[in-house]
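Reader: I am new to protein structures and would like to learn how to read one. Could you walk me through it, step by step?

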Amino acid sequence: MRMYDIIRKKRDGCELSAEEIRFFIDGYVQDRIPDYQAAALCMAIYYRGMTDAETVAMTECMAQSGDTVDLSRFGALSVDKHSTGGVGDKTSLIICPIVASLGCKVAKMSGRGLGHTGGTVDKLESIPGYRVTMSQEAFMHQVEEIGIAVIGQSGNLTPADKKLYALRDVTATVDSIPLITSSIMSKKLAAGSRNIVLDVKVGSGAFMKTPQTATELARTMVNIGKQCGRNVSALITDMNRPLGRAIGNTLEVIEAVEVLTGKRRGDLYEVSVALATEMVTLVKGINDPEARSLVIDAIDSGAAFDKLKEWIAAQGGDIRYLQDTSRFETPSCITPVISPADGYITAMDTERIGSAAVLLGAGRSRKDEPIDYAAGIIVEQKTGDRVSAGEVLATLYSNDERAISPATERYLGAISFGDEPPESGKLILGVVG
């Protein structure tokens, strides 16, 4: 078998066999296949696509390319959630303790933020003392004892995906649905959960810009996950405006606490409840209204917040910061963004708003870049709100005074004004299961 023949076969629109895909993945991970041939195959896949059988084979090969986590001891109770990435998306901090308080087992490996999207691990590390690494034995024991553990992606999990994603990122082959599917689902398969809920974001702050492409991606991932033996469903959720009011690590932790303690409702609450409901539905095999009632009661009774504190304490975090969020650092620069006009906010370029938070220090442009946990944005006015000239649109937080001016300019450039209110959009655009 030769890599040249595999590239030519896909270039000509033919279906690759599972053996040919295995030859490619194994050879690339073991450095027997050079980057230029891997890039050529990715480009052929980008243009020619893959059948479901090919995508299943690619996903399984990538999942098996390194270490895997065995969660079989938890039976049907293990559950995970994956978001395709957005701005202000701190739902994992909310839904994981909710579902754990209801008897689900959440053994989760999360990533760091890069570009305009935030990372769960960075948010957790903004809580003093929180440890994002632990031995596999300690990880499993914590899940067994309290129902939840969340750590950073570590070890030799899906090395094929790490290599391929880095290559796709520099060869303009990222936005291929078969390649996106195999990348996301291989990590979920390797992480071991029986039940998986996908949060597929759509809009100006998401990777998928239209409902049509988001729905196609969701359907493909759900289908592939089921063919790989997992219980999978997906929610398609709006990312045409930031989720919630807070963008930035400490600020998002504070907002998550506010949701779990009943101090905040709105879009973040609704999306979190919807995702948690779907997770409980998969695990317990009950209908949506019953699962939603359990989820809401877990918040209202304080059980979910108690589980959050138990989880954070188990991983070394100082829960005094959760009990009194005023303990978190206040940055040296807190500056309002002032509306230049009267009218309705008709649209928000959410990706641009996320990049303004990166300028303030809340995110990274490179993987090795440090972040300022206290930096970020509080969004005061959102799409559909009527504002007056001179009114505060947002508040910027940073320890770098030089970042305030360019971040202000970028934020203002992300806001569109009009004389008439826009049509109100849905938070949950669809469910695929």
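**Reading the fold together**

Author: Happy to! Let's begin with contacts: among those in the protein chain that link residues at least 6 apart in sequence, 78% join residues at least 24 apart. Please keep in mind that this is a predicted model.

Reader: Thanks! How many helices and strands does the protein chain have?

Author: The protein chain has 17 helices and 13 strands. Its radius of gyration is 22 Å, close to the 22 Å that the globule rule gives for 433 residues, so the chain is as compact as a globular protein of that length. Along its principal axes, the C-alpha trace spans about 65 × 45 × 40 Å.

Reader: What share of the 433 residues is buried?

Author: A residue counts as buried when its relative accessible area is under 20%. In this protein chain, buried residues make up 56% of the 433 residues. The accessible surface comes to about 17,700 Å², and 47% of that surface belongs to carbon and sulfur atoms.

Reader: And the charges: how many positive and negative side chains are there?

Author: There are 47 positive and 56 negative side chains, and the centres of the two sets lie 3 Å apart.

Reader: Let's zoom in. Is Thr-237 buried or exposed?

Author: Thr-237 has a relative accessible area of 0%, so it is buried. This residue is found in strand β5, which covers residues 231–238. Leaving out residues up to four places away in sequence, Thr-237 touches Asp-199, Val-200, Lys-201, Val-202, Val-271, Leu-427, Ile-428 and Leu-429.

Reader: Can we try a residue from a helix? Where does Val-273 lie?

Author: Val-273 lies in helix α12, residues 267–284. Val-273 is buried too, because its relative accessible area is 0%. With residues up to four places away in sequence not counted, it touches Arg-292, Val-295, Ile-296 and Ile-299.

Reader: What covers the buried residues of α4?

Author: The cover includes α1 (3–11), α2, α3, α8, α9 and α10 (211–227). Nine of the twelve residues of α4 are buried, among them Glu-54, Val-56, Met-58 and Cys-61. As for α9, 15 of its 15 residues are buried.

Reader: What should I look for in backbone angles?

Author: Here is the general idea: most residues other than glycine have a negative phi. Asp-31 is not a glycine, yet it has a positive phi of about 65°. Asp-31 is found in the loop between α2 (18–29) and α3 (35–48), and it is exposed, with a relative accessible area of 60%. Ala-172 also has a positive phi, of about 60°, although it is not a glycine. Ala-172 is found in the loop between α8 (159–169) and α9 (177–191), and at 58% relative accessibility it counts as exposed.

Reader: Which residue takes a positive phi just after α9?

Author: That is Gly-192, with a positive phi of about 95°.

Definitions and conventions:
Residues numbered from 1 in each chain as written. Predicted model: local features only at pLDDT ≥ 70, side-chain atom pairs only at ≥ 80, totals over all residues. Heavy atoms only, no water. Helix = DSSP H or I, 4+ residues; strand = E, 2+ residues; numbered from the N terminus. Buried < 20%, exposed > 50% of the residue type's maximum accessible area, 1.4 Å probe, protein only. Contact = heavy atoms within 4.5 Å. Rg over C-alpha atoms; globule rule 2.2 N^0.38 Å. Areas by Shrake-Rupley, 256 points an atom, 1.4 Å probe, with all protein chains shown as cover. Lys, Arg positive; Asp, Glu negative; His and termini not counted. Charge placed at Lys NZ, Arg CZ, Asp CG, Glu CD.
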